[in-house]
Structure formats: C-alpha cells, structure tokens
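This report is for a reader meeting the structure for the first time. Please look over the sequence and the model before reading on.

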Amino acid sequence: LANLSLTHKTYQLETNSTLIMGRFINLILAAAPLTVSGFSVPNGEVVSRRESFAKAASVIGGTIAAGGLVMPSAASATVTDETPIVTTRQGGLLEKYQDSRGWKIMAPSGWNGFDGEVGAYDKKWQDLVDPFDNIKLSSTPVKSTTTSIDILGPVEEVGASLAGKRDAKLIAALERQTEGILFYTFDFALNDGTHQLLLLCVHKGKIWSLDASTREKRYSKRKELYYNVLGSFMPKLS
C-alpha cells in the first residue's frame with residue numbers, strides 16, 4: 001500500500017485499490033435527492049441520504065472481502081505522528097462505554113442506546129430531544145490481507161470522491177494514527193441540510209465506520225461533542 005501524507009503527492013494507486021474505490025463510491029453514494037425519500041438497496045430497504053454514509057463499513061467490507069478535544073489538522077497530523085485517544089468527559093456530556101465485542105468509545109451520556117440492527121449498525125446512540133442527532137457504529141469483516149484504511153487511497157482523494165458522489169461539500173478530510181491504527185475522518189455538509197462526520201478504520205479483520213449526524217443549523221453546538229466521540233473510538237480494548 002502507498003504511504004500517505006498530508007503533503008500533496010501524485011502517485012499511481014494499484015489496480016485493485018482503484019477498483020475497490022470505484023465500487024465503494026458507486027455502491028454507497030449514488031443516492032437520489034432526499035426529496036424522493038432516499039434510494040433503494042437490493043433488499044428493498046429505503047435509506048436516506050444521511051443514513052447512506054452509515055452503511056459505508058458494510059459496503060466497503062463486502063467489496064474488499066467479499067485528554068481533551070482532539071481535532072487533527074493538516075498542519076499537525078501525519079501518518080507517522082501518534083495522536084492520543086480522546087478521554088475527556090466534556091463536563092459530563094460523555095461517558096465511557098466498553099463493548100464486549102472488543103471496542104470502546106466515549107458515548108453521549110443520557111442518549112438512547114440501541115444494539116445492533118443487522119445490515120445497518122452494531123451500535124447506535126440517539127438524542128432524546130432530537131432523534132435526528134445520532135451516532136452509529138458499524139463493522140464488517142474484510143480479508144486478512146486488508147490491514148489499513150489507506151487501501152482506499154489518499155484521505156483527501158477519498159473525501160473528495162465521497163462528497164462529489166453525494167452532492168455534498170467536503171469541509172475536511174483528516175487522517176491520524178492512534179495506537180498504531182490509521183483513521184480517516186471526513187466532515188461533510190450535505191445539501192439536504194444535514195451535517196455529518198464520518199470516521200473509517202481497519203483493525204483485526206474488520207473495517208469500522210463511525211458516523212455522527214445532526215442538522216446543519218445545530219452543528220456548531222454538536223461539533224465539539226462529535227469530534228470528541230470520533231476521537232475516542234478505539235476498535236480494541238487494550
């Protein structure tokens with residue numbers, strides 16, 4: 001796999017990586033406008049534009065396999081830098097959550113929690129006051145030879161492709177390494193009035209997708225919370 005950095009580089013991706021990226025984009029992002037409810041997937045389930053990002057892990061996996069506030073910036077984060085995991089409770093807004101399936105996170109305290117829905121997510125948190133505000137974690141197996149999210153390509157290229165296919169504005173495409181795992185984080189402003197953060201990583205034979213969504217008008221109030229949640233996620237317990 002090509003080594004990634006936040007400096008501008010031009011290099012040729014391997015053929016299989018290019019195919020994976022193309023299939024990934026075509027499968028999960030060819031969504032119709034929200035005004036027509038969403039798009040249909042093979043099993044007939046209707047998925048909204050904002051929810052389609054939450055399905056990233058399942059689709060990518062199928063294609064490949066068949067502290068305090070930490071907000072990485074292009075100036076400070078590289079693949080070789082170690083960014084500490086976020087541990088802040090943010091004044092009681094977050095609480096430690098450790099799952100027996102082998103992952104941990106600082107989850108929103110007081111939000112409704114839902115266990116796995118097959119084909120949709122492993123875990124979901126939803127605000128009691130505004131259910132539109134939600135955080136979803138999904139995972140799916142990948143080949144043992146897939147060991148890093150950089151198989152999809154450079155973070156900025158992946159982010160631009162995601163945004164372009166979804167008719168969304170890419171606010172940021174960030175990468176960091178925490179405890180030896182490479183994480184991609186994307187910040188999107190969708191044209192349907194949704195603001196979404198999406199995190200992707202690969203660890204121990206699984207690709208993980210963590211997305212946090214809210215209404216654009218509420219994003220300024222959720223930004224710190226959401227970045228802290230994404231920064232606290234670790235797909236292992238030790």
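The sections below go from the whole chain to single elements and residues.

## Basis of the model

This is a predicted model, in which local features need pLDDT of at least 70 and side-chain atom pairs count only at pLDDT 80 or more, while totals for chains, interfaces and linings use all residues. Residues are numbered from 1 along each chain as its sequence is written, and side-chain values use heavy atoms, with hydrogens and water left out.

## The chain as a whole

The chain holds 5 helices and 11 strands. Helices (H or I, at least four residues) and strands (E, at least two) are DSSP runs, numbered from the N terminus.

Of its 238 residues, 53% count as buried. Buried means under 20% relative accessible area, exposed over 50%, and partly exposed in between (1.4 Å probe, protein chains only).

Strand E6 covers residues 121-126 and is mostly covered, with 6 of its 6 residues buried. Strand E5 (residues 112-117) runs antiparallel to E6, and 5 bridges join the two. Two strands pair if DSSP finds at least two bridges between them. In this pairing, asparagine 112 stands opposite glutamine 126 of E6. E5 and E6 form a hairpin with 3 residues between them, and glycine 119 in the turn has a positive phi of about 80°.

E6 is also joined to strand E7 (residues 134-141), by 4 bridges and in antiparallel fashion. Here lysine 123 stands opposite leucine 137 in E7. E7 also contains serine 139, which counts as buried because its relative accessibility is 15%. The side chain of serine 139 makes a polar contact of 2.5 Å with that of aspartate 122. A polar contact is a pair of N or O atoms within 3.5 Å; within protein, one must be able to donate a hydrogen and the other to accept it, and residues adjacent in sequence count only if both atoms are side-chain atoms.

Valine 129 belongs to the loop between E6 and E7. With a relative accessible area of 76%, valine 129 is exposed. From C-alpha to C-alpha, valine 129 and tryptophan 111 are 8.8 Å apart, with a separation of 18 residues in sequence.

## Helix H5

Helix H5 spans residues 219-232, and its 14 residues reach 19 Å from the first C-alpha to the last, close to the 20 Å expected at 1.5 Å a residue. The expected span is 1.5 Å times one less than the number of residues. H5 has a kink of about 25° centred on leucine 225. The bend at a residue is the angle between axes fitted to the seven residues ending there and the seven starting there.

H5 is largely enclosed by the rest of the structure, because 10 of its 14 residues are buried. Among them are Tyr219, Arg222, Leu225 and Tyr226. Asparagine 228 also lies in H5, and its relative accessibility of 0% makes it buried. Its side chain is joined to the side chain of glutamine 90 by a polar contact of 2.8 Å.

## Leucine 210

Strand E11 (residues 206-215) contains leucine 210. This leucine is buried, at a relative accessible area of 0%. Leaving aside neighbours within four places in sequence, leucine 210 has contacts (heavy atoms within 4.5 Å) with Ile105, Ile135, Lys136, Leu137, Leu197, Leu198, Leu199, Val229, Leu230 and Phe233. The C-alpha atoms of leucine 210 and lysine 136 are 5.7 Å apart, although the two residues are 74 places apart in sequence.

## Two residues with positive phi

Most residues other than glycine have a negative phi. Aspartate 167 has a positive phi, near 55°. It is found in the loop between helix H4 (155-166) and strand E8 (168-178), and is partly exposed at 48% relative accessible area.

Glutamate 179 also has a positive phi, near 50°. Its loop runs between E8 and strand E9 (181-190), and glutamate 179 is partly exposed, with a relative accessible area of 32%.
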